[in-house]
Amino acid sequence: MPELQAILGKVVLHKVNGEKGDGPARRQEFKVHGYPTFVLLRADGETLERWIGYGEAKDFVGRLDGALKDPTTIEEKRARYTSSPTWGDAERLGVYHESCDEYIAAARYYREAQAKAKEGNRD
């Protein structure tokens, strides 16, 4: 898939085996509770986006492309959502919290994303 090859050329991949070597410590540091977990970090180590699961290649490309187009940290997304809530930020924050096993927070953001979508606010 050419789109996948193109988008992967924009990031540095670092595979970690969460069961061996320093993997268990890294797994704990990044709150990895399932495999595969993808964490997109800025050069300074701040999280831009994260999600869990394989899914279709086009979904992976879409998720990664969206994250690269909006290179704000999770904290910046949270602050932006607090001041000006949108469907996109609610959905991204829901995915983030779900991947951290923080299901109550994830469900809240998913409900808010659903409400925004019903309002026609899907940006």
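Which residues does Thr47 touch, not counting residues up to four places away in sequence? The points below begin with the model and then return to Thr47.

1. Basis of the model. This is a predicted model, in which local features need pLDDT of at least 70 and side-chain atom pairs count only at pLDDT 80 or more, while totals for chains, interfaces and linings use all residues. Residues are numbered from 1 along each chain as its sequence is written, and side-chain values use heavy atoms, with hydrogens and water left out.

2. Confidence. The chain has a mean pLDDT (the predictor's confidence in each residue, from 0 to 100) of 91, and 98% of its residues reach 70 or more. Among the elements of the chain, the lowest mean pLDDT, 86, belongs to helix 1 (residues 2-8), and the highest, 96, to helix 4. Helices (H or I, at least four residues) and strands (E, at least two) are DSSP runs, numbered from the N terminus.

3. Thr47. Thr47 lies in strand 2 (residues 47-52). Apart from residues up to four places away in sequence, Thr47 touches Val39, Leu40, Leu41, Thr73, Ile74 and Tyr96, where contact means heavy atoms within 4.5 Å. With a relative accessible area of 18%, Thr47 is buried. Buried means under 20% relative accessible area, exposed over 50%, and partly exposed in between (1.4 Å probe, protein chains only).

4. Largest pocket. The largest pocket has a volume of about 980 Å³. It is lined by 27 residues, of which His14, Lys15, Thr37, Phe38 and Val39 are the closest to its centre. Helix 2 (23-29), strand 1 (37-41) and helix 3 (57-69) are the elements that give two or more residues to this lining. Strand 1 gives the most, with five residues. By class, the lining of the largest pocket has 18 nonpolar, four polar and five charged residues. Here Ala, Val, Leu, Ile, Met, Phe, Trp, Tyr, Cys and Pro count as nonpolar, Asp, Glu, Lys and Arg as charged, and the others, Gly among them, as polar.

5. Pocket terms. On a 1 Å grid over the protein atoms alone, a pocket is an open set of points where a 1.4 Å probe fits, with protein on both sides within 12 Å along at least five of seven lines; lining residues have an atom within 4 Å of a point. Grid points are joined across faces, edges and corners, and a volume is the space filled by probe spheres set on the points.

6. Second largest pocket. The second largest pocket holds about 200 Å³ of space. Strand 2 and helix 4 (74-83) are the elements that give two or more residues to the lining. The lining of the second largest pocket has five nonpolar, three polar and five charged residues.

7. Nonpolar cores. A nonpolar core is a set of buried Ala, Val, Leu, Ile, Met, Phe, Trp, Tyr and Cys residues joined through side-chain atoms within 4.5 Å. The largest has ten residues: Ile7, Val11, Leu40, Leu48, Trp51, Phe60, Val61, Leu64, Ala67 and Val95. Strand 2 and helix 3 are the elements that give two or more residues to this core, and helix 3 supplies the largest share, four residues. A second, separate core of eight residues includes Ile74, Tyr81, Tyr96 and Cys100.

8. Not counting residues up to four places away in sequence, Trp51 touches Pro36, Thr37, Phe38, Phe60, Arg63, Leu64, Val95 and Ser99. Val61, in helix 3, counts as buried at 14% relative accessibility.

9. Backbone points to check. Most residues other than glycine have a negative phi, and most peptide bonds are trans. The peptide bond from Tyr35 to Pro36 is cis, with omega near -10°; Pro36 is in the loop between helix 2 and strand 1. Lys31, in the loop between helix 2 and strand 1, is not a glycine but has a positive phi of about 55°. Lys31 is partly exposed, at 38% relative accessibility. Asp101 has a positive phi near 65° and is found in the loop between helix 5 (87-99) and helix 6 (103-118). The relative accessible area of Asp101 is 35%, which is partly exposed.
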